[in-house]
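User: Hi, could you walk me through some contacts in this model, starting with a charged pair?

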Amino acid sequence: MNPRSTTLQSVLCIGGGPAGLYFSLLMKQRNPSLQVTVVERNRPFDTFGWGVVFSDQTLQNLQRADPESAQLIGDAFNHWDDIEVFFKGQSVRSGGHGFCGIGRKRLLNILQERCLALGVDLVFETDVTDDQALALQYQADLVIASDGLNSRIRTRYASTFQPDIDTRLCRFVWLGTKKTFDAFTFAFAQTEHGWFQAHAYKFDADTSTFIVETPESVWQAHGIDAMSQEDGIAFCQRLFAKYLDGHDLVSNAKHQRGSASWIQFPRVICHTWVHWQDIGGKTTPVVLMGDAAHTAHFSIGSGTKLALEDAIDLADEFSRHGHTDMRGVLQSYEARRSIEVLKIQNAARNSTEWFEHVDRYTGMDVQQFAYSLLTRSQRISHENLRLRDAKWLEGYETWLEAQAKPGSAPPQPPTPPMLLPLTVRGVTLKNRIVVSPMAQYKAADGVVGDWHLMHLGARAVGGASLVMVEMTSPTPEGRITPGCPGLWNDEQQAALQRTVAFTHANSSALIGLQLGHSGPKGSTQLGWERMDEPLHVGNWPLLSASAAAYGVQNQVPRAMSRADMDTMTAAFVASTGRAEAAGFDWLELHCAHGYLLSAFICPLTNLREDAYGGSLENRCRYPLEVFSAMRAVWPPGKPMSVRISAHDWAPGGNTPDDGVAIARLFQLAGCDVIDVSSGQTTREAKPVYGRMYQTPFADRIRNEVGMLTMAVGAISEADHANSIIGAGRADLCAVARPHLANPAWTLHEAAKLQTLAIEWPRPYESGRDQLYREIARQQSLHISAATQDPAETS
């Protein structure tokens with residue numbers, strides 16, 4: 001349908017929750033001549049729920065949009081700065097978090113009163129079953145579908161909105177108590193069947209919200225699904241009695257059995273938020289808002305925030321564009337707002353998964369457990385915690401350093417997490433930063449030259465603890481491109497040995513080699529030509545797990561026979577011996593990104609029907625044979641890592657569950673570190689990108705399997721690395737593209753932290769001093785500007 005331009009004269013909001021009420025009052029406030037009607041199924045001032053939470057930033061947004069209602073809401077808020085975490089009989093408390101709590105009923109009452117004062121028509125006790133008839137009745141030019149989580153309007157026009165509803169893994173129940181908590185409180189309780197957690201916060205002078213949450217399996221094991229509501233509440237009250245100080249837990253959900261009052265959170269994403277339809281000869285848009293359009297898990301307290309900010313954004317678009325260009329307004333609104341919502345939902349997904357898998361982190365000490373909880377969404381970082389509570393964070397850094405350097409007195413100030421040492425087998429890395437293997441396409445006949453000496457040497461003196469040579473093939477046909485290195489002859493070995501010797505002579509960095517065979521992705525053009533596209537001339541034959549091409553434009557490889565496997569394993573073993581002779585400190589086997597060994601592991605590229613195909617264990621059989629053969633000849637005192645694609649990001653491919661299983665198999669084979677990447681196994685992959693987007697896979701493997709991991713992917717600043725190491729999400733951070741732009745990335749990021757806990761090459765020390773002074777000056781100017789105009793730098 002091609003919507004015509006319509007002058008906005010009448011607005012109909014279906015649903016009287018925060019989104020509908022706030023949008024209505026904003027539109028009426030800015031355009032008093034508008035006819036604005038809110039239709040709500042409940043009675044006037046009869047709302048349900050306990051408390052809701054806002055951040056200080058959300059309050060600022062409300063103040064800008066409508067100072068009068070913001071003042072009323074602010075006056076009713078209970079404000080606190082602290083978060084307290086209770087775990088294993090201990091607690092950790094940190095400050096500066098800036099939260100506000102208000103009763104949901106009180107919030108809606110304020111918005112209702114403000115609507116009435118402005119002249120918005122509020123129609124209660126009307127259950128809307130036909131939105132089109134209602135829109136015709138009110139001659140609406142714009143219909144706002146703010147009818148909540150179970151939106152009938154979203155369902156009616158599902159072919160337009162294309163909702164994706166993901167029911168999450170935990171059960172939770174909203175309760176209340178007269179125990180007033182002076183901090184946002186997280187309490188964790190272990191039972192014989194698993195862990196429960198409580199989220200508690202005060203929202204008025206004498207009442208707190210008390211949400212109890214646990215995985216579905218634990219909930220069922222305790223038989224809560226068969227309990228009455230009263231028995232379910234009594235169970236929670238006994239479980240968390242030590243935190244309630246004799247106060248009862250109560251529910252405001254009437255006449256429900258335990259299984260009904262305990263719900264699972266539905267994550268809602270819609271492809272679009274606008275549906276155009278003809279009503280009475282007029283093209284009228286129906287716009288989803290609030291929970292009808294999207295949800296974000298309560299653990300980051302953003303459902304009501306999203307609803308109110310939806311309302312602000314759409315009202316602002318009308319103020320910018322006017323009331324005659326409805327299509328332009330709604331296109332701009334959805335384009336801009338959907339990005340902000342996606343950011344919140346990505347953070348909420350990380351937070352949700354943290355609470356769904358609390359048992360993953362219960363082996364941690366309370367200090368790191370609390371840090372992991374605080375940074376679980378990846379939106380709160382290490383330096384953000386310093387801004388909130390510098391004293392607490394310094395205490396945590398001191399504790400963390402004591403774990404990394406047992407028996408030694410931590411310096412003051414403490415060392416940032418990314419600069420702490422790590423010992424793996426007989427090797428000690430001076431810090432946690434690794435220069436990721438990055439293809440250079442500068443080898444000739446597999447022989448590295450001056451370019452690699454410069455490339456790796458510069459990064460070795462740039463502060464990283466380990467520099468990795470790009471994927472190096474054990475055979476001529478295993479190269480990705482004609483410009484990729486190999487290690488099958490003496491000349492190649494000597495060239496690599498020259499780079500190793502330079503690294504050892506001129507830096508304290510270690511140097512590693514990544515061995516891998518290109519498989520179905522070989523015989524392609526250089527990276528700056530057409531990546532993964534076949535050569536124009538001179539293509540060589542390919543091998544793979546199966547005769548399945550990487551793409552229709554790529555060669556079809558030959559499926560490996562048993563004899564091929566034996567020959568290839570011997571080639572890997574021979575290259576391993578050459579790597580040891582060249583003096584490498586670390587060896588990595590490449591089993592990711594669709595190359596030969598990855599092609600065995602991925603079910604989309606392994607179509608075999610023998611012992612090397614089918615189940616995950618069978619698909620991993622040959623990569624494990626290669627690894628074990630290499631480990632047998634690689635010195636026992638030197639580490640070996642394996643790079644895997646922990647997620648194929650494609651239907652029918654490996655999932656993060658498979659990534660954990662793959663890591664366990666390599667751990668049993670003697671792997672020391674899993675280098676956790678993802679994707680690139682098929683052209684059909686559709687990764688969800690974002691900062692540190694692959695880190696959750698490393699986190700899961702580290703804390704479920706119980707082995708060292710290396711995080712990689714969109715780690716671009718010290719704050720990212722410190723957050724990852726500090727939270728125990730990985731033990732090493734492999735940094736790729738930032739090291740291409742700046743060989744001394746590690747030194748420069750350390751300078752931004754004003755830490756001296758890193759050595760500089762002696763010839764560069766004068767440059768170090770100048771850099772530190774310049775960064776300190778810039779930081780001083782930034783602080784001064786923030787003090788003068790906080791809004792400008794917020």
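Analyst: Let us start with R700, which forms a salt bridge with E704, their closest N and O atoms being 2.8 Å apart; a salt bridge here is a side-chain nitrogen of Lys or Arg within 4 Å of a carboxyl oxygen of Asp or Glu. This is a predicted model, so local features need pLDDT of at least 70 and side-chain atom pairs count only at pLDDT 80 or more, while totals for chains, interfaces and linings use all residues. Residues are numbered from 1 along each chain as its sequence is written, and side-chain values use heavy atoms, with hydrogens and water left out.

User: Where do R700 and E704 sit?

Analyst: Both lie in helix α25 (residues 695-705), four residues apart, which is about one turn of the helix; helices are DSSP runs of H or I with at least four residues, numbered from the N terminus.

User: Is R700 buried or exposed?

Analyst: R700 is buried, with a relative accessible area of 17%, whereas E704 is partly exposed at 28%. Buried means under 20% relative accessible area, exposed means over 50%, and partly exposed lies in between, using a 1.4 Å probe and protein chains only.

User: How many salt bridges does the structure hold?

Analyst: The structure holds 50 salt bridges. One of them joins D316 and R30, with the closest N and O atoms 2.8 Å apart. D316 lies in helix α12 (residues 303-321) and R30 in helix α1 (residues 18-30), so this pair ties together parts that are 286 residues apart in sequence. D316 is buried at 10% relative accessible area, and R30 is partly exposed at 26%.

User: What does E309 pair with?

Analyst: E309 meets R337 in a salt bridge, at 3.9 Å from N to O. E309 belongs to helix α12 and R337 to helix α13 (residues 326-356), and the pair links distant parts of the chain, 28 residues apart. E309 is buried at 10% relative accessibility, and R337 is buried at 4%.

User: Which residues are linked in a network of salt bridges?

Analyst: Such a network links D164, D166, R168, R267 and E356.

User: Switching topic, how do α20 and α23 cross?

Analyst: The axes of helix α20 (residues 562-582) and helix α23 (residues 621-633) come within 9 Å and cross at roughly 35°; axes are lines fitted to C-alpha atoms, for helices over the stretch in contact, and angles run from 0 to 180 degrees between N-to-C directions.

User: Which residues make the contact?

Analyst: Among them are M565, M568 and F572 of α20, together with Y622, V626 and M630 of α23, where contact means heavy atoms within 4.5 Å.

How values were computed: Helices (H or I, at least four residues) and strands (E, at least two) are DSSP runs, numbered from the N terminus.
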